[in-house]
Amino acid sequence: MPLSRLIPRSQKPGKVVVVAGFLLLLAFTLVAFGLFYRKSLPVVRDINYTQLRELADAGGARSVKIVADEVTVTQADGTLVRAVVTNEAAQQEVTAAFAKNKAQVEYQSLQPGVLATALNYTLPLVALVALGFIGWRVYASMGVQSDFSAAETGGDTAVTFADVAGVDEARAELAETIDFLRDPEKFGRLGGRPPRGLLLSGPPGTGKTLLARAAASEAKVPFLSVSGSSFQEKFAGLGASRVRRLFARARKLAPCVIFIDEIDALGRRRGRGSDSASADQDQTLNQLLIEMDGFEQLCGVVVIASTNRPDILDPALTRPGRFDREITVNLADMRGREQILRVHARKLTLEDGLDLTWIARGTPGFSGADLANLLNEAAIAATRDGSEAVGSTHVEYARDKILMGVERQGFIMDDGERYATAVHESGHVAVGLAVENGDPIHKVSILPRGRALGVTQALPERDRLMRTRQYLEDQVAMLLGGRAAEILLLDTMTAGASNDIERAVEIARRMVSEFGMSPLGPIHLGKPEDPHSQALLDRIEQETNVIVNAQMKRACEVVDSRRAEIARLVDGLMERDTLDADEIRERFGLACDRAA
Ligand code: ADP
Ligand code: ZN
């Protein structure tokens, strides 16, 4: 690759030397990772190229994974064989043969995080710049490989739609794309409009990557995955040339799926900054747009991108012929959560009485990734106890851990601190029980977890789609209940309330500046980068303060009127550390409520 294409002419030659030095180190690092990776694969048998070629032509292989020059084949019986194919053309030929015989082909690109860390460690060795030009040569000779020499994280079994639950709509929207990938030409003949780019948008952990992977495997085509942030190169021009090589590779493998995770990292609005980093990013994005416009639709390359910030993408990305279909992948509702739990529970032994519906009901707002994590933590807890199966206590433990953080072991509070914490938490509980629109109190604890000394856990009983003014006010009051109890019952204030206050003020500020719930009426501030009038900002702060103070007063009134109940709750906490919903209600003289 000619030097001039990678380094803009304006750069001084000194910089070239530095860059080349880095590249040499990069090459070393990659080789080191390559060796490491080679060791970590559960390889059964090494074969040579001829044997690999025979295997490809014979058909019947299940999947093929390519990492740099290493081709790993999962055979029909599940055993693994591996061959090293350094010649790129040969590698392409053999993978094409596998793909033709219906094996699932997957390429993996280098994890940017790993790369960045590696670079940071090798940074002190900058003295090696003297070897700069040799490094440049090494890099140049590595060519395409450097994009795809990588560590693979997934398992060896292909993901299918059976592994993705609760996202039926998104799945239905992908059906057409899968039809197209199965037979691009036929799709064209029948007059379908071939898809080119799809944008999967939604919160993290909702299964976007999983969906893209399942689509490729359903269509039995190769899956090339890269992360948007891997295009954020430290060196000018490299991001764009990476994009070029990625598409060149895809065209050879077509039909195939290119998956760009976190496209927002590379697809932000162009022309924001005048510094060289953002100019380079603009160049990378331009290259992506050029590639997307450039390929003929019948060649059968579909680009699927995922983001949780569709709002910050450059509008050019979503124009017709590019990412012109957006599929929203939302957090699952209760039924969806149950299905996701069912998928992940397949691998576990559950106690007979353990009801997945019950878990789904108690985990509003959990993403698919959170639910997978929940069952995993529960299984770990069950193993630790020596239980035969995962039971409800393990699930409760895992949920508390995810929602409230890990219990801090060996952290002993003295009785004075425990008492102050118990009073503070009881203040939250008292207000939480008194307000009409809050979420039911589920648990209160004075065992330190994470950075908090105590926790009061309120859980919505259903998925809350709409938040009313009353609900938000009650939230603010409940958050301030801890401070109210400190003032009235301890005659002091603790710094432990700072997080409560921060969250309360944040809610109040949004009520004023976004939801139009103050005397200022429906106002909207616009984008953060737009200029705002200082007068308006001042009035927003004033109205925020009015809401916070009103709720603080309300919290104090509640605490003042529940002194006896709070004292009983504090005694219970001092004795037992953690109380559940029924134990709390009993101390407050309320009927027990099984549903909470
Ligand atoms: P995203 O790409 O949206 O951030 P991923 O697809 O990477 O999320 O999901 C991360 C992990 O969470 C998956 O590997 C899977 O274990 C679990 N998961 C997420 N969503 C689902 C789902 N809808 N069904 C089953 N598992 C899911
Ligand atoms: Zn608190």
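Analyst: Domain bounds here come from an automatic or database domain assignment, and a residue is near a molecule if one of its heavy atoms lies within 4 Å of it. This is a predicted model, in which local features need pLDDT of at least 70 and side-chain atom pairs count only at pLDDT 80 or more, while totals for chains, interfaces and linings use all residues. Residues are numbered from 1 along each chain as its sequence is written, chains are lettered from A and ligands numbered from 1 in the order in which they are written, and side-chain values use heavy atoms, with hydrogens and water left out.

Let's start with the shell itself. Domain 3 (145–328) and domain 4 (334–404) each give at least three residues to the shell around ligand 1. There are 15 residues around the ligand, and those that come nearest are A165, G205, K208, T209 and H344. Three helices, α10 (208–219), α14 (334–345) and α16 (368–385), each supply at least two shell residues; helices (H or I, at least four residues) and strands (E, at least two) are DSSP runs numbered from the N terminus. Sorted by class, the shell has seven nonpolar, six polar and two charged residues. In that scheme, Ala, Val, Leu, Ile, Met, Phe, Trp, Tyr, Cys and Pro are nonpolar, Asp, Glu, Lys and Arg are charged, and the others, Gly among them, are polar.

Now for the backbone around the ligand. A backbone N or O atom of G205 sits 2.8 Å from an oxygen atom of ligand 1. L210 places a polar backbone atom 3.0 Å from a ligand oxygen, and for A369 the distance from a backbone N or O atom to a ligand oxygen is 3.4 Å. On its own, ligand 1 has 560 Å² of accessible area, and the protein covers 79% of that. Those areas come from the Shrake-Rupley method with a 1.4 Å probe; for residues, only the protein chains shown count as cover.

T206 counts as buried because its relative accessibility is 10%; buried means under 20% relative accessible area, exposed over 50%, and partly exposed in between (1.4 Å probe, protein chains only). The side chain of T206 reaches the backbone oxygen of P203 at 2.7 Å. The T206 side chain also makes a polar contact, at 3.5 Å, with the side chain of K208, and K208 is one of the residues that come nearest to the ligand. A polar contact is a pair of N or O atoms within 3.5 Å; within protein, one must be able to donate a hydrogen and the other to accept it, and residues adjacent in sequence count only if both atoms are side-chain atoms.

Helix α16, which contributes to the shell, also contains L375. L375 is buried, since its relative accessible area is 1%.

The structure holds one aromatic pair. F223 and F259 are stacked, at 5.9 Å centre to centre and 20° between the planes. Rings of Phe, Tyr and Trp (its six-membered ring) pair if their centres lie within 6.5 Å, and planes under 30 degrees apart count as stacked, over 60 as edge-to-face and the rest as tilted. This pair links distant parts of the chain, with F223 in strand β7 (residues 223–227) and F259 in strand β8 (residues 256–261), 36 residues apart. Both F223 and F259 are buried.

Finally, some backbone details. Most residues other than glycine have a negative phi, and most peptide bonds are trans. A254 and P255 are joined by a cis peptide bond, with omega about 0°, and P255 is in the loop between α11 (238–253) and β8. D491, which is not a glycine, has a positive phi of about 55°. D491 lies in the loop between α19 (469–490) and α20 (498–513) and is exposed, with a relative accessible area of 71%. A497 lies in the loop between α19 and α20 too, but A497 is buried at 0% relative accessibility.
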